[in-house]
Amino acid sequence: MTDKLTQLRSLTTVVADTGDIDAIRKYQPQDATTNPSLILKAAQLPDYQPLVQEAVDWAKTQSKDSDQQLIDASDRLAVNIGCEILKIIPGRISTEVDARLSFDTQASINKARRLIELYSQAGVSSDRILIKLASTWEGIRAAEVLEQEGINCNLTLLFSFAQARACAEAGAFLISPFVGRILDWYKQNTDQKEYTAEQDPGVLSVTQIYDYYKTHGYSTVVMGASFRNTGEILELAGCDRLTIGPNLLEELSQAEGEVVRKLADKGATQPRPPRLTEAEFRWEHNQDAMATEKLAEGIRNFTIDQGKLEQMLSTML
């Protein structure tokens, strides 16, 4: 019998949740995703030092203002790393908009356009890029504008059903519901400390979203993310895409046993409900304590890592 990773690939598009070139070469995913935390880790790897230096040198040619140089170097580095990854994978790279812009629609749009411009200057067309935006109301509105311009988006830090609904209604190309972080919250904030894969609240959330999208005929891709164990992954076999870190990819590649499809598209059978208004979205999201807390925490943590990256770059500028 083939290993579980090989079987999973026959049911689901496997995406690498890493900026590590060596890991991407090893597991040969279709796509790859990065975020500020992964870019920070990648920037410290020896193989990436020429890309870091190039970003810094380039930024110095763009402006004499130190603050602008830092912004330019950060953007260029994210694109440099994305370009390296695109040399290996056949599909798309997800590159994230600065988390500090999560509540500013126009600034998010401007940053996305800038990243696409930098990729274009590097010879990479927009159809190989997904722009990652936090699934705030403002981020979702930015995605709606960008999708209409032909810039596909990956809506991340997604924890609530309200976020998922609003993303589909905005025509987002892809969403990344965070399975493991949902599980973390329930372990920390409820009396139940252990969950089977079938009971896992993150798995149940993605399953609900997937079934809702397919039943109502939404084309938005569901890509489960942020996994804590292979049980969560295998319980979502059949999901459109799953983005998986190197450790769990390795575990799956070494595991034997049958992988069974758990999610399946049965086709659209129900009419779509009216679009959520901003007030409805904010209320429904607010009523989900887990989602409210994890979205805010995710934005804060990405901002912290972006700050660490900028601190590192500032010493070189």
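This is a predicted model: local features need pLDDT of at least 70, side-chain atom pairs count only at pLDDT 80 or more; totals for chains, interfaces and linings use all residues.

Trainee: What makes α3 roughly parallel to α14?

Mentor: Helix α3 (residues 36-43) and helix α14 (residues 289-314) pack at an angle of about 30 degrees, with their axes 8 Å apart. Angles under 35 degrees count as roughly parallel, over 145 as roughly antiparallel, 65 to 115 as roughly perpendicular and the rest as oblique. So α3 is roughly parallel to α14. The axes are lines fitted to C-alpha atoms, for helices over the stretch in contact, and angles run from 0 to 180 degrees between N-to-C directions. Helices here are DSSP runs (H or I, at least four residues), as are strands (E, at least two), numbered from the N terminus.

Trainee: Which residues of α3 and α14 meet?

Mentor: From α3 there are Pro36, Ser37, Ile39, Leu40 and Ala43, and from α14 Phe302, Asp305, Gln306, Lys308, Leu309 and Met312. Contact means heavy atoms within 4.5 Å. By class, this contact of α3 with α14 has 7 nonpolar, 2 polar and 2 charged residues. Nonpolar covers Ala, Val, Leu, Ile, Met, Phe, Trp, Tyr, Cys and Pro; charged covers Asp, Glu, Lys and Arg; the others, Gly among them, are polar.

Trainee: Why are α5 and α14 called roughly perpendicular?

Mentor: Helix α5 (residues 66-86) and α14 pack at an angle of about 110 degrees, with axes 10 Å apart. That angle is why α5 and α14 are roughly perpendicular to each other. Their contact is made by Leu70, Ala73, Ser74 and Leu77 of α5 with Gln306, Leu309, Glu310, Leu313 and Ser314 of α14.

Trainee: How do you know that Cys83 is too far from Cys153 for a bond?

Mentor: A disulfide is a pair of cysteine sulfur atoms within 2.5 Å. The sulfur of Cys83 is 18 Å from the closest cysteine sulfur, in Cys153, and is therefore too far for a bond. Cys167 is in no disulfide either, with the nearest cysteine sulfur, that of Cys153, 9.8 Å away. A search of the whole structure finds 0 disulfides.

Trainee: What makes Cys167 buried?

Mentor: Buried means under 20% relative accessible area, exposed over 50%, and partly exposed in between (1.4 Å probe, protein chains only). Cys167 has a relative accessible area of 0%, so Cys167 is buried. Cys83 has 14%, so Cys83 is buried too.

Trainee: Why is helix α8 called mostly covered?

Mentor: In α8 (residues 161-169), 8 of its 9 residues are buried. Among them are Ala164, Arg165 and Cys167. What covers the buried residues of α8 includes α7 (137-148), β5 (153-158), β6 (174-177) and α14.

Trainee: And how do you know whether Arg241 is buried or exposed?

Mentor: Arg241 has a relative accessible area of 16%, so Arg241 is buried. Arg241 is in strand β8 (residues 241-244). Not counting residues up to four places away in sequence, Arg241 touches residues including Thr12, Asp31, Phe173 and Met223.

Terms used:
Residues are numbered from 1 along each chain as its sequence is written. Side-chain values use heavy atoms; hydrogens and water are left out.
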